[in-house]
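Reader: Before I use the terms in a structure description, I want to see what stands behind them. Please take me through them one at a time.

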Amino acid sequence: MKIKKLLKKNEIYFRTVTSLLLGLMAVIVAYNSNRIAKEQTRIAKEQTKINYFENTPDFQLTREYIRDSIGYVNETQITVHKYGGKAKNISIQIQSYAHFEITDKDDNELIRYVHLYEFFDESHRTGENDGSIRYIRGFNNNRNFAQFARRMDAEITKKGYPYVFIKSLIIAKISYTDFLNEAKEEYYDISFGDGVLLRETDFRVNLFKSLKASPESISISKVEEIQKCLDIVLQKDKG
């Protein structure tokens, strides 16, 4: 009877404590569920990253020089390599430029880029899905550029510029569809040796994209194009 009276006397207290305990247990369950959900989300994200990198192809570009029978480097060739990943509809575009660095008598520096065509005009697929997948070359392109640079150097010097430096700038664009069926683009500077992957904000990427709006293209194999290139470079200097 004493126990019954005690329970009845403290009924409100017990109900309150029970409610608190049940509420606390609910909070603990919800907290643990939330932690489990976050962990599962983290694991899913990590797995997505792993799947992405496993399925993303790694492109590498190399530029090599081809010597003739007497050892002179007449041509340069680009080889495109693909390793791993999944990619389809692979397209490769090459744009070549003459990079001019000119200083006048007052030490004012002029930097210009002029697009060149007929630098790389041959492209051959190897038929492979991995490893070397494409060879890109141009007939006597290295010899033609060397002759073009010498003529331009001489003509610009005649105009009174004491310092002239000319080199080639080669930019490659690789387009493909990835394993998620999304279109991808990658840009590389392949001017020397191995290709260097460029950020989207790099000026060389903007230079590649802006060509569509510019009609100023020069053939490196035609002597008569020298005057046209000279006018383009020095006319920009006057403007």
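This is a predicted model: local features need pLDDT of at least 70, side-chain atom pairs count only at pLDDT 80 or more; totals for chains, interfaces and linings use all residues.

Reader: Why is the pair Lys158 and Glu155 called a salt bridge?

Author: The rule asks for a side-chain nitrogen of Lys or Arg within 4 Å of a carboxyl oxygen of Asp or Glu. For Lys158 and Glu155 the N to O distance is 3.6 Å, so the pair meets the rule. Both residues belong to helix α3 (residues 141-158), where being three residues apart separates them by about one helical turn.

Reader: What makes Lys158 exposed?

Author: Exposed means over 50% relative accessible area. Lys158 has 65%, so the term applies.

Reader: How do you know that Glu155 is partly exposed?

Author: Its relative accessible area is 25%. Buried requires under 20% and exposed over 50%, so Glu155 falls in between.

Reader: What makes Asp189 and Arg204 a salt bridge, and which elements hold them?

Author: Their side chains meet at 2.7 Å, N to O, and the limit is 4 Å, so the pair counts. Asp189 lies in strand β8 (residues 183-189) and Arg204 in helix α4 (residues 203-210), so the pair ties together parts that are 15 residues apart in sequence.

Reader: Are Asp189 and Arg204 buried or exposed?

Author: Both are buried, which means that each has under 20% relative accessible area. Asp189 and Arg204 are also linked with Asp202 in a network of salt bridges.

Reader: Why are Lys209 and Glu200 called partly exposed?

Author: Lys209 is at 39% relative accessibility and Glu200 at 43%.

Reader: What lines the largest pocket, by class?

Author: The lining has three nonpolar, three polar and five charged residues. Lys82, Lys88, Arg125, Glu128 and Arg134 are among the lining residues, and Lys, Arg and Glu count as charged. The largest share of the lining, three residues, comes from β3. The space in the largest pocket is about 210 Å³.

Definitions and conventions: Residues are numbered from 1 along each chain as its sequence is written. Side-chain values use heavy atoms; hydrogens and water are left out. On a 1 Å grid over the protein atoms alone, a cavity is a set of points where a 1.4 Å probe fits but cannot get out, and a pocket is an open set with protein on both sides within 12 Å along at least five of seven lines; lining residues have an atom within 4 Å of a point. Grid points are joined across faces, edges and corners, and a volume is the space filled by probe spheres set on the points. Helices (H or I, at least four residues) and strands (E, at least two) are DSSP runs, numbered from the N terminus. Buried means under 20% relative accessible area, exposed over 50%, partly exposed in between (1.4 Å probe, protein chains only).
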